[in-house]
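Hi everyone, thanks for coming. Let's have the structure up on the screen and walk through a few parts of it together.

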Amino acid sequence: MIPLAKDNLTKADVQDKLKGIFSHYKGNQEELIPILQETQENFRYLPAAAMREIADFLHMPESTIFGVSTFYAQFKLTPLGKKIIRVCRGTACHVRGAAKVLAEMEKQLGIKAGQTTDDMEYTLETVACIGACALAPTMTIDGETYGKMTTKKVAEVLGDSSKA
Amino acid sequence: MEAVTITLNGVEVSGYAGTTILDLARESGVYIPTLCHDPNLASTGACRLCLVEDERNGALLASCVAAISPGMTINTNSPRVVEHRKRILELILASHPDSCLVCDKGNRCQLRKLAAEMGVGLIQLQKIPQNDVIEEVNPFIERDLSKCVMCGKCIRVDQELVVEGAIDYIHRGTMVRAATLNDMPLEKSECTFCGACVAICPTGAIMEKERVYTGTATNTVTTICPYCGCGCTICLGTKDNQIVEARPAVDSPVSRGALCVRGSYGYDFIHSPERLTQPLIKVDGEFQEATWEEALSRVAEGLGQIKKDHGADALAVFGSSKCTNEENYVLQRFARGVLGTNNIDNGSRLYSAASRTGLGASIGYAGTTGSLDALERSRVIMVIGANPEISAPAVAYAIKRAVRFKEAKLIVIDPRNTPLTQFASLWLRPGIGTDVALLNGLARVIIDEKRLDVEFVTRMTDNFTGWTKSLQNYTAGYVEDVTGIAKKDVQAAARLLAGAEEASIVYGNGITQHTSGTDAVVAIANLAMLTGNAGRRGGIFALQRENNAHGACDMGALPGFLPGYQSVDEAENRQRFEEHWGGSLPTAAGLSALEMMKAAGLGKVKGMLIMGENPVASFPQPALIRKALSSLDFLVVTDMFPTETVKLASVVLSAASFAEKEGTFTNFEGRVQRLHQAIEPVGESLPDLEILLRLAEVTGSKMPYDSHQDVMEEIEDMVPFYRHVAYADTDSMGLDWGDVEGSSPGTRRLHKGLFPSGFGRFSPVEYTSPQDVATDGYPLTLMAGSGRYHFGAGSRSSRSARLSKFSPAALLEISGADAAELGIGDGDAIKITSAQGELSTTTKVSNSLPRGLLFMPISYPDSPVYELFGTVLDPQAKGPALKTCAVRLERTDGNG
């Protein structure tokens with residue numbers, strides 16, 4: 001069983017926002033992925049209540065919408081934190097100690113990769129390569145790149161980002 | 001279409017362009033192994049076991065998806081093919097547990113069969129641990145995904161045949177598997193437990209649960225499902241004279257590889273410990289076991305005495321829309337020829353009498369005009385007053401397939417939000433009992449906008465002008481006032497219906513069980529004729545609740561008709577049967593079902609023979625019925641179970657179930673299908689036909705039939721439209737109507753737009769305000785209808801262990817708005833009161849109901865919803881109004 005997100009969204013909230021999204025689609029099945037992307041942009045994840053609405057709009061089974069959402073890594077079924085931390089685990093970063101950086105990050109945030117902190121501040125993810133191998137090991141917070149990471153720099157980087 | 005020639009294993013064979021290599025090979029008798037292929041599903045080429053080699057270029061092709069092309073030189077068994085197949089099988093087996101010894105799938109496992117065929121034994125590859133068993137509490141289906149081979153058949157059958165969409169793939173790569181929405185257990189998903197996935201799963205990943213009898217079927221018998229009017233073909237697996245499984249027949253034209261929860265899991269009533277295994281005679285108020293000789297002579301004596309003292313019309317006979325054609329035919333012969341009364345009716349009076357009367361008057365034929373295939377081909381389908389998802393699942397599957405895969409448009413006319421509304425282009429929600437106004441309004445829009453099928457109306461119908469005049473009042477504005485449906489929606493529906501090349505109208509008990517039922521059916525027929533959709537293309541689809549409702553009526557288990565709807569009033573008709581049977585037949589039409597009960601209550605009818613029906617549960621006012629039956633001098637009932645009615649009998653004759661007999665059922669399409677005996681009758685029970693023949697013999701009027709075949713041969717002789725049934729040739733799949741229509745012009749089918757009487761007749765029908773809706777003192781309207789897990793009066797489904805376990809009690813559904821207003825929550829104990837009676841139950845808040853409407857399922861003997869209904873009859877069809885009544889609610893849990 002996949003744990004459902006605990007959210008405070010009412011059905012009406014979801015319906016309202018989706019109405020806006022649906023207004024520029026025709027209701028064809030091939031529009032599913034753009035609709036999911038736009039829905040996720042709006043809510044920062046895909047709320048369970050949205051599945052039913054999208055299924056009705058596209059005349060597809062709800063289980064199919066769910067299946068597609070679990071297929072692509074880009075779709076989240078639980079709300080993401082305000083900031084998204086991505087620790088690179090590409091080859092270059094790996095040989096230069098990405099695993100230690102990730103472990104330290106997990107320790108400091110108190111969560112595992114793929115999870116979100118209870119205060120909804122941070123979501124920690126890993127990424128295969130961000131294309132900045134010269135700076136390995138690297139990581140990003142909300143798109144900002146941090147290079148030549150060490151376990152010591154983890155706290156610093158987190159401090160930085162929390163000030164921002 | 002263009003023919004393409006290829007070389008297949010050295011032999012030249014041809015097929016139409018677009019045919020797959022696999023299909024052509026199978027046609028040519030060449031075997032290619034498959035795992036993920038199914039003839040009823042779109043091929044996906046997932047398992048790759050059907051690889052074949054094109055020897056021209058060495059390409060390995062998945063034959064289930066590769067189409068033939070000119071010059072192909074296919075080898076289905078080249079060394080390369082065999083090597084690849086083996087390797088693929090090894091990879092599949094590497095993630096499959098070695099638990100064949102304890103797996104219940106046994107020799108029916110296709111994976112095991114393929115491994116044996118290809119000689120693949122122990123796998124040298126490293127085993128990949130797979131997903132595990134999913135915890136589920138439902139009593140029907142269990143999933144052990146460690147055995148899943150990801151063929152995707154379960155997902156495809158769910159989405160392509162049943163069109164439910166309860167499951168789909170989730171995740172990707174090695175994590176991928178079939179799951180419900182949010183990966184919940186089946187009972188918390190949209191799963192309807194139709195069992196199609198269980199039947200199609202090639203391995204033991206999806207299995208039937210909580211079977212009455214363990215063991216692998218040693219024999220399979222193909223027969224017809226005994227529940228609803230669809231008449232799906234089912235394969236009963238038997239072992240040790242027990243039914244161990246029921247599976248859909250993949251080549252059935254009705255069910256096409258998918259049954260419903262009742263068909264798949266409801267068969268266990270056959271082995272219920274409550275089965276009556278021997279005849280019973282009531283002595284001083286207590287039943288005592290008796291031999292057949294004792295019981296039958298007691299019956300002959302009981303009925304004979306009443307006939308002698310009070311005349312034949314003091315007797316009444318009630319036939320069954322669940323028994324076979326042969327049984328109903330012999331029963332009515334017994335009533336008319338032996339007892340000498342036309343007081344004979346059958347259970348379908350309660351739900352489809354209006355349909356027979358209305359269609360008979362309009363199109364001259366009392367039933368559905370087309371096949372399910374024709375329905376699925378329709379461009380527009382209008383469903384009015386029917387929830388086929390529950391009452392006729394195979395019909396719902398066909399409608400959903402038409403919408404989802406064939407771009408048909410669906411119009412649903414129903415106050416309730418039924419499962420079909422999410423497939424509908426238009427959903428109209430009329431007020432209860434306003435169907436006639438709406439249907440007349442639709443007709444008027446079509447005429448005003450000149451969208452009618454002029455050619456059809458001119459050539460094939462009668463009284464068009466007279467009827468048109470009667471529509472003067474039904475302006476869109478008036479219809480909006482009466483039905484509550486916006487003008488523009490009425491117009492849109494009319495345009496959609498009239499604009500379609502081929503349109504079908506499906507209706508059910510929501511039409512027929514109102515006092516205005518016959519009028520509404522006539523209005524539907526008018527609409528179908530107006531748009532040229534009566535038989536030539538599209539059609540009228542009258543759903544039947546029970547398996548043989550159509551047949552029981554065709555066979556003349558009716559007070560006014562001899563077999564084949566030949567009126568008893570006409571001497572010429574009687575004469576045919578008198579010549580055949582000898583003796584003279586009673587001349588005046590007899591009593592209909594409810595009239596019999598009234599007459600019994602008044603002491604005019606003194607003896608009754610009831611075959612396989614349970615009027616105490618299925619009729620309105622059970623208390624009155626009970627009283628009427630108790631006041632009879634003599635009551636004989638044939639049944640499988642000690643039902644509420646059986647308890648009142650003087651003599652009970654233990655009857656065999658559908659699985660224990662031969663004969664034919666006629667489904668709602670008019671398809672005559674043959675039953676095959678799967679097991680010996682339980683205990684000393686006997687098929688009803690045998691009981692009736694023995695009874696006739698004991699009364700000294702032995703009938704000249706030795707078998708059901710003799711009876712069917714006589715039926716073929718005596719009933720004009722059964723003439724082509726050719727019982728001897730009727731296999732389990734029933735009749736191929738296409739052939740029959742082509743070869744015999746006198747059939748009942750309205751093929752090529754021909755009506756049996758030459759013309760269809762437009763008849764004016766007027767809307768009258770409904771009597772069976774909320775009124776002063778009873779502010780809510782209660783609707784009664786079928787539930788998914790039970791059936792009819794519940795005599796059988798309540799004795800199915802799994803159905804009862806999953807759905808033990810009848811809950812009252814109430815709309816959120818009404819619940820809030822009355823301060824009622826989910827699961828509150830309440831009392832429902834109508835002018836006729838009261839009933840206590842618990843509530844379930846439902847968002848499928850509009851404000852003011854309640855819904856309660858029938859079929860639960862412990863909560864007899866018909867207590868609340870009166871005995872008001874449709875004046876023309878004499879069927880009781882059993883769809884809605886006015887009620888009020890009170891909470892009884894003390895918190896309110």
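Helix α9 of chain B, residues 353–363, lies across strands β21 (503–507) and β22 of chain B, and runs at about 160° to β22(B). Contact here means heavy atoms within 4.5 Å; axes are lines fitted to C-alpha atoms, for helices over the stretch in contact, with angles from 0 to 180 degrees between N-to-C directions. Helices (H or I, at least four residues) and strands (E, at least two) are DSSP runs, numbered from the N terminus.

A word on where this comes from: it is a predicted model, where local features need pLDDT of at least 70, side-chain atom pairs count only at pLDDT 80 or more, and totals for chains, interfaces and linings use all residues. Residues are numbered from 1 along each chain as its sequence is written, chains are lettered from A and ligands numbered from 1 in the order in which they are written, and side-chain values use heavy atoms, leaving out hydrogens and water.

Now, which sheet do those strands belong to? An open one of five strands in chain B, ordered β19-β18-β17-β21-β22, with parallel pairing. Its edge strands, β19 (426–428) and β22 (539–542) of chain B, each pair on one side only; pairing takes at least two DSSP bridges between two strands. Strand β18(B), residues 409–413, pairs with β19(B) over three bridges, and B:Ile411 stands opposite B:Leu426 there.
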